[in-house]
Amino acid sequence: MPETEGARDAAQLLGAARAEHDAEALLDADDIDVVHICTPNATHADLALRALRAGKHVVCEKPLATTAADAAALAEAAAEAGLVAAVPFVYRYHPMVREARARIARGEAGELLTLDCSYLQDWMLRSTDDDWRVHSSSGGASRAFADIGSHLCDLLEFVTGDRIRALSARTRRVFTERAGRAVDTEDIVAVLVETSTGALGTLLISQMAAGRKNALTLELHGTRQSLRFEQERPEELWVGMREESRLLLRDPAAADPESARLQRVPAGHAMGYQDAFNGFVADVYAAIAGDVRDGLPTFADGHRAAVVTEAVLDSAAHEGRWTEVPA
């Protein structure tokens with residue numbers, strides 16, 4: 001199918017007013033204010049920089065760039081241009097994530113002691129499972145961590161208000177070939193982390209966990225309470241205490257204001273991933289209109305994810321040695 005025909009079909013499917021034959025035409029268009037970059041990872045940095053230089057607001061899929069240096073340059077360019085530049089770390093927009101964040105900020109969990117976190121999928125379980133992401137030339141040096149580990153670390157730091165200070169990582173590539181093509185990115189990552197406040201934790205990231213479709217889990221243990229959020233059960237927040245444990249169900253009437261503002265439907269009417277994504281997009285366009293809301297993930301957050309990814313790869317390349325993560 002010719003490129004222009006494919007673009008036209010996509011525009012019709014999405015209800016877009018028109019299609020262009022390449023990115024350059026979009027960037028040059030005077031009637032376009034916002035550019036969404038949803039292309040393979042290796043193209044993100046160039047397209048995002050060109051969009052910023054063209055005076056466009058930008059939403060760029062993660063990873064923002066395949067190197068921390070390129071991500072830093074993009075964050076700086078966005079700040080200098082005064083444009084809205086966002087990365088869709090959309091799990092921040094689950095209402096019960098905001099509830100957990102508010103409770104930690106209020107001190108209800110106490111001092112953070114340990115973290116037990118994971119992000120498990122199974123879409124790359126078989127050797128016949130293939131995707132452009134498995135090749136560093138298109139996806140970057142990291143696959144599993146850059147793709148989903150970045151979400152996990154962003155969520156961890158966002159909810160706790162704490163930063164990963166140092167880490168020790170090991171990676172595993174299960175298949176050297178997929179669908180007859182060589183593979184040079186990892187399938188699985190295990191990470192030990194220490195935060196800036198001294199909390200210790202474990203992170204397990206895998207795209208080969210049979211039966212797990214999108215199992216992002218955040219469990220945080222404090223001196224007073226533990227909190228557990230599971231992305232596949234987004235209506236719930238588990239609160240563990242010495243005397244008892246509770247399962248909180250999403251309810252705008254009883255929620256923290258930052259959680260309540262993201263709750264589009266009454267309690268008992270299930271919300272999920274699409275609602276979280278919608279909340280992110282709503283905040284992006286509110287920011288473009290001048291209303292910057294708390295928690296919007298920006299290019300600075302995309303740079304942070306790239307920094308953590310490089311620390312993971314560096315540690316793994318040196319047999320899991322403890323590696324400082326730049327602030």
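The legends below describe close-up views of a predicted model. In this predicted model, local features need pLDDT of at least 70 and side-chain atom pairs count only at pLDDT 80 or more, whereas totals for chains, interfaces and linings use all residues. Residues are numbered from 1 along each chain as its sequence is written, and side-chain values use heavy atoms, with hydrogens and water left out.

**View 1. An open sheet of 9 strands with mixed pairing.** The strands follow the order β13-β12-β11-β10-β4-β9-β8-β5-β14, where strands (E, at least two residues) and helices (H or I, at least four) are DSSP runs numbered from the N terminus, and two strands pair if DSSP finds at least two bridges between them. Because β13 (245–249) and β14 (323–324) stand at the edges with a single partner strand each, one side of each is left without a neighbour in the sheet. Strands β11 (residues 226–230) and β12 (residues 236–240) run antiparallel and are joined by 3 bridges, with S226 standing opposite G240 in β12.

**View 2. Helix α10 on the sheet.** Helix α10 (residues 299–317) packs on the sheet and touches β5 (164–172), β8 (188–195) and β14, contact meaning heavy atoms within 4.5 Å. The direction of α10 makes about 55 degrees with that of β5, using lines fitted to C-alpha atoms, for helices over the stretch in contact, with angles from 0 to 180 degrees between N-to-C directions.

**View 3. Helix α9 and its buried face.** Helix α9 (residues 273–288) has 16 residues and reaches 23 Å from its first C-alpha to its last, close to the 22 Å expected at 1.5 Å a residue, the expected span being 1.5 Å times one less than the number of residues. The buried residues of α9 are A276, G279, F280, D283, V284, A286 and A287, where buried means under 20% relative accessible area, exposed over 50% and partly exposed in between (1.4 Å probe, protein chains only). Seen down the axis of α9, these buried residues fall within an arc of 165 degrees, so they line one face of the helix; the arc is that of the directions from the helix axis to the C-beta atoms. The buried residues of α9 pack against β2 and β3 (85–86).
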